[in-house]
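Take them one at a time and find each spot yourself.

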Amino acid sequence: MAHFKKPAAGSWTEHYPDLGTEPVDYTDSIDPEFYEAERNAIFRKTWLYMGRVEKLPKVGSYFTRELPVVNTSLIFVKGKDKVVRSFHNVCRHRGNKLVWDDFPNEETAGSCRQFACKYHAWRYQLDGELTYVQQETEFFDLDKGQYGLKEVRCEVWEGFIFVNFDNTAVSLADYLGAYGKGLEGYPFHEMTETYSYRAEIGSNWKLFIDAFAEFYHAPILHQKQAVKDEADKLMKVGFEALHYDLQSPHSMISSWGGMAPPKDMNMVKPIERVLRSGLFGPWDRPDIEGLDPLPAAVNPAGAKPWGVDEFEFFPNMSLLIWAPGWYLTYTYWPTAVDRHIFECNLYFVPPKNIRERLAQELAAVTVKEYALQDANTLEATQKMLETRTVTEFPLCDQEILLRHLHKMAVDHVEEYRNASVAG
């Protein structure tokens, strides 16, 4: 018997009949040809999250991003007009990478008045305009106005910076759709205390999204993260979400939890009692505007035991909003069919004292431990999928977001392939 109300169709999956209920083919996670198609059909055609505006605090602030999946490096910079722009990180003279420090394949950040190439000192304004050419008279009819940096389409939503390599794509606001509109007004800008993790994972990028997009595994895989009595209870009860929603190509899950603070202090570990914090974040909610009431897209079921909402913005951004008043992002950047770079960033309201700082740090290391436990299964999954001993797998109702993700990937690739044939 369900612990929380399900749709009239009887299940969340059947509520969206286009998904089907049959086993899901995971060949999309091991096929090199499919991966190459994804690079063009998905990562060159959709809006990709790059970072927060807080990384660009003043005019001239910049950071770079390395994107092997689309074989490029990008510069992000705040111009004199306060506009955030993105450019391909390439000098227009001989193709040298324009912005880098000691190692050309590593990302960097800083501030400057203009960009100068290390090779021949060509210089560019913050808006990409070429302003200086070394020994310009040695060139033949060179029009500097034709040799500015190559700009990439860049838009900002609620302080989140996105790019799109397809100039014909819809606007970012239209792409994010109902979720983007429904999250407007959440105080992301107040949460500037950041903790970051980055790791190379030996699996297809979609497999890690799978791991985070369902909590069905939590009572089993993460059982040692709870005290024994509580872990035993969770294993018996299992997991059911409060609510699921699909706004293709995006999706979301709303979950109970929080324990901030728990009704019974024996439910949590001693360090959590002392620091008043844990997986769901510091127990003491920050006193800022925007948390009460919450934006319409948050806790769509209006459930009292609500703990966290996870929004999956296709293709590779997860945004989690936690009941105690903080948020985090995950991104998954493919480097090969069987490898990707995983990034995690946690955002809190800056602490006012040592106790608040320690509460945030405990949340940050606890999230890291959970992520490591999830990541630990991924390489084993990848290796066994590659045997092709089994290619289709049954998914339960609590894995609806996984079913949806793989369908979206296949649909985008098929649409791209059909358009290429027609063209």
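Is Arg276 buried, partly exposed or exposed? Keep that in mind; point 2 has the reply.

1. Some ground rules. This is a predicted model, where local features need pLDDT of at least 70, side-chain atom pairs count only at pLDDT 80 or more, and totals for chains, interfaces and linings use all residues. Residues are numbered from 1 along each chain as its sequence is written, and side-chain values use heavy atoms, with hydrogens and water left out.

2. Start with Arg276, in the loop between H7 and E15. Arg276 isn't a glycine, yet its phi is positive, about 55 degrees. With a relative accessible area of 27%, Arg276 is partly exposed. (Buried is under 20% relative accessible area, exposed is over 50%, and partly exposed is in between, using a 1.4 Å probe and protein chains only.) Helices here are DSSP runs of H or I with at least four residues, strands are runs of E with at least two, and both are numbered from the N terminus.

3. Glu158 also has a positive phi, about 50 degrees, without being a glycine. Look for Glu158 in the loop between strand E10 (151-157) and strand E11 (160-164). Its relative accessibility is 30%, so Glu158 counts as partly exposed.

4. Now the cis bonds. Asp292 and Pro293 are joined by one, with omega about 0 degrees; Pro293 sits in the loop between helix H7 (270-275) and strand E15 (306-313). Another joins Phe314 to Pro315, with omega about 10 degrees, and Pro315 is in the loop between E15 and strand E16 (317-322).
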